[in-house]
Amino acid sequence: MNRFEKIYKNNIDMVYRLAAAMLKESQDAEDVAQTVFIKLYKTLDKDIFNDEEHIRRWLIRVTRNETLNFIRKHKTEKNYEKKYLKIENVKAAGRDFAPEYERTDIIRKSLETLPLKYRLTLYLFYYEGYSSAEIAEILGKKHATVRTWLYAGRKKLKIKLQKEEE
């Protein structure tokens, strides 16, 4: 197994889940993941990566950017807000890539209503296990901004979940 295949095998689920957390359609998430790994394949020969964690962070950053590009490209479609920017329990190739979202429909639906910046930050923090400082570095934002997004996202999610319980 060559280096690219090893990186692909170790990271495809994470890249797909991240794209799926930002998009509604599993096919769209697959397209984004494919684009990300094509970019990795072209970049891998340049030997710019220090270690596996550097590659993982690069993949997250590129996945985020490619997903946002995909969304911008499809902005002209009717019902843009309804079609994209939602978290879905997506499946591909017969494997469940997002078991975390199956816990309850209430949490999933509440997460769907959050703005993208909160959803993405909460996803990286809770599901990928990155610290707020690491998320800031990955997203190219200030650490204080990420902490604010985490705080605000949790607060908004809590309010939405309380409303659902009533």
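Q: Where is the kink in α1 centred?
A: On Asn11, in what is a predicted model. The kink is about 50°.

Q: And what span should α1 have, at 1.5 Å a residue?
A: The helix covers residues 3-22, so its 20 residues should span 28 Å. The end C-alpha atoms are 28 Å apart, which agrees.

Q: What happens at the start of α1?
A: Asn2 reaches in there. One of its side-chain oxygens comes to within 3.1 Å of the backbone nitrogen of Phe4.

Q: Phe4, then: buried or exposed?
A: Buried, because its relative accessibility is 19%; the cut-off is under 20%.

Q: How many aromatic pairs are there in the whole structure?
A: A search finds 5. One of them joins Phe4 and Tyr41, edge-to-face, at 5.1 Å centre to centre and 85° between the planes. That pair links distant parts of the chain: Phe4 sits in α1, Tyr41 in α2, 37 residues apart.

Q: Is Tyr41 buried or exposed?
A: Exposed, because its relative accessible area is 53%.

Q: Which residues do ring pairs link into a cluster?
A: Phe4, Tyr8, Phe37 and Tyr41.

Q: What does Ile60 touch, leaving aside neighbours within four places in sequence?
A: Met14, Leu18, Leu124, Tyr130 and Ile138.

Q: Back to α2. Which residues are buried there?
A: Ser26, Asp28, Ala29, Val32, Ala33, Val36, Phe37, Leu40, Thr43 and Leu44.

Q: How far apart are the end C-alpha atoms of α2?
A: They are 26 Å apart. At 1.5 Å a residue, the 19 residues should span 27 Å, so the two agree.

Q: Last one. Where does Ile159 lie?
A: In α8, which runs over residues 143-165. Ile159 counts as partly exposed because its relative accessibility is 39%. From Ser110 it is 49 residues away in sequence and 9.3 Å in space, C-alpha to C-alpha.

Methods:
Residues numbered from 1 in each chain as written. Predicted model: local features only at pLDDT ≥ 70, side-chain atom pairs only at ≥ 80, totals over all residues. Heavy atoms only, no water. Helix = DSSP H or I, 4+ residues; strand = E, 2+ residues; numbered from the N terminus. Buried < 20%, exposed > 50% of the residue type's maximum accessible area, 1.4 Å probe, protein only. Expected span 1.5 Å × (residues − 1). Bend = angle between axes of the 7 residues up to and from the residue. Polar contact = N/O pair within 3.5 Å; in protein donor to acceptor, adjacent residues only side chain to side chain. Contact = heavy atoms within 4.5 Å. Phe/Tyr/Trp six-rings, centres within 6.5 Å; stacked < 30°, edge-to-face > 60°.
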